[in-house]
Amino acid sequence: MSTHRFLVTREIPEPGPSILKDAGDVVIKDGMSADELREAVTSGEYDVVLPQVSDTFDAELLAQAKIRGIANYAVGYNNIDVAAAADHGIAVGNTPDVLNEATANTTMLLLLGAARRAYEASEYLREGKFTGLGPNLLVGQDITGATLGIAGLGRIGKAVAHRALGFGMNVIFTQRPPEDRPVSDDELGDLAGRVSQVPWDELIETSDYISLHVPLTEDTTHLIDADVLQRMKSTAVLVNTARGPVVDENALVRALRDREIFAAGLDVFENEPQLAEGLAELPNAFLLPHVGSAEVGSRSGMARMAAENAVAMAHGETPPYEVMP
Ligand code: DGY
């Protein structure tokens with residue numbers, strides 16, 4: 001019987017490698033260029049690939065791919081043309097739920113950091129400028145009593161809503177902007193009566209904070225553009241832990257520079273790992289390097305789920321966490 005061959009495009013934590021090694025041969029790379037990925041995926045040497053969201057599987061690559069499955073090390077799968085994969089009999093899996101709490105925690109870190117000018121304050125201190133407490137020193141925006149607008153009330157959006165309520169915020173949401181569908185109390189569960197659904201236009205114009213929790217699709221690309229930024233309150237804060245291209249990053253740089261909005265907290269970027277010109281120099285941009293799910297438990301849970309998906313795919317079985325077209 002031939003052994004199963006797994007390709008991991010970038011080192012993942014345990015128990016991922018152990019699960020894979022128990023099931024076959026494992027090659028673990030330290031990141032792969034698009035050309036290296038193409039060569040490996042079309043070589044016929046591997047049964048299943050475990051990629052990162054930065055590894056793109058478009059229709060052209062999938063048409064030539066000689067693999068059984070793609071076990072994405074992420075909940076998001078906008079890097080894979082899932083319909084094209086299905087057309088070629090290639091299974092796709094992801095890692096849902098296990099990172100909800102960690103990503104919601106990162107959202108609050110960005111919200112608080114941007115609102116309370118954490119980056120500026122930390123720089124100020126480290127540069128030796130702190131000469132004593134000052135009533136006007138580095139004053140930020142109110143959080144308790146402010147309105148948080150959640151764009152996309154899925155699993156992570158709901159986890160953020162719970163945290164925001166704990167901070168005494170008023171929580172409004174649009175379930176799937178720019179369009180919407182009514183969300184029932186049953187679907188809201190224990191959030192029913194504690195959060196309010198509003199049209200997207202209202203959310204843009206009335207929120208003190210807007211936090212993005214939509215998947216990246218054609219409809220959500222540049223959901224936040226120059227027009228939306230201009231309609232937000234001048235005291236508003238934008239938080240993005242979803243996907244970079246949901247925001248027109250050049251328009252955001254202009255809006256932050258011109259103080260059209262107060263600040264932004266970003267964990268994801270339009271052209272990762274590059275940042276839009278001028279973004280890194282802005283004092284009102286609180287930036288993290290795509291570490292939304294970077295808690296020990298979440299990352300090892302993702303590794304387990306991706307490896308379990310991969311082993312099932314190698315056996316020709318339906319993966320436990322399957323992504324359907
Ligand atoms: C995800 O899981 O989609 C994250 O963005 C990658 O950690």
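Let's start at the ligand: around it sit A74, V75, G76, L99, R243, H290, S293 and M302, where a residue counts as near a molecule if one of its heavy atoms lies within 4 Å of it. This is a predicted model, in which local features need pLDDT of at least 70, side-chain atom pairs count only at pLDDT 80 or more, and totals for chains, interfaces and linings use all residues. Residues are numbered from 1 along each chain as its sequence is written, and side-chain values use heavy atoms, with hydrogens and water left out.

Now for the overall layout. The chain is divided into domain 1 (4–98 + 297–314) and domain 2 (100–287), with bounds from an automatic or database domain assignment. The centres of the two domains, taken over C-alpha atoms, are 31 Å apart. Across the boundary, 8 residues of domain 1 are in contact with 5 residues of domain 2, contact being heavy atoms within 4.5 Å.

What about the interior? The largest nonpolar core holds 50 residues, and F6, L50 and Y209 have the most contacts inside it. Such a core is a set of buried Ala, Val, Leu, Ile, Met, Phe, Trp, Tyr and Cys residues joined through side-chain atoms within 4.5 Å. Buried means under 20% relative accessible area, exposed over 50%, and partly exposed in between (1.4 Å probe, protein chains only). Helix α12 (residues 296–314) contributes the most to this core, with 8 residues; helices (H or I, at least four residues) and strands (E, at least two) are DSSP runs numbered from the N terminus. Because domain 1 and domain 2 both give residues to this core, it lies between them. Another core, of 32 residues, lies apart from it and includes L212, V214, V228 and A276.

Two loop residues are worth a visit. T241 is in the loop between β10 (237–240) and α11 (249–257), and its 10% relative accessibility is why it counts as buried. The side chain of T241 makes a polar contact of 3.1 Å with that of T107. D225, in the loop between β9 (209–212) and α10 (226–231), counts as partly exposed at 27% relative accessibility. A polar atom of the D225 side chain lies 3.0 Å from the backbone nitrogen of V228.

Finally, some backbone details. Most residues other than glycine have a negative phi, and most peptide bonds are trans. The bond from E14 to P15 is cis, with omega near 10°, and a cis bond also joins E272 and P273, with omega about 0°. R117 has a positive phi near 60°, and R259 has a positive phi of about 60°.

Note on methods:
Polar contact = N/O pair within 3.5 Å; in protein donor to acceptor, adjacent residues only side chain to side chain.
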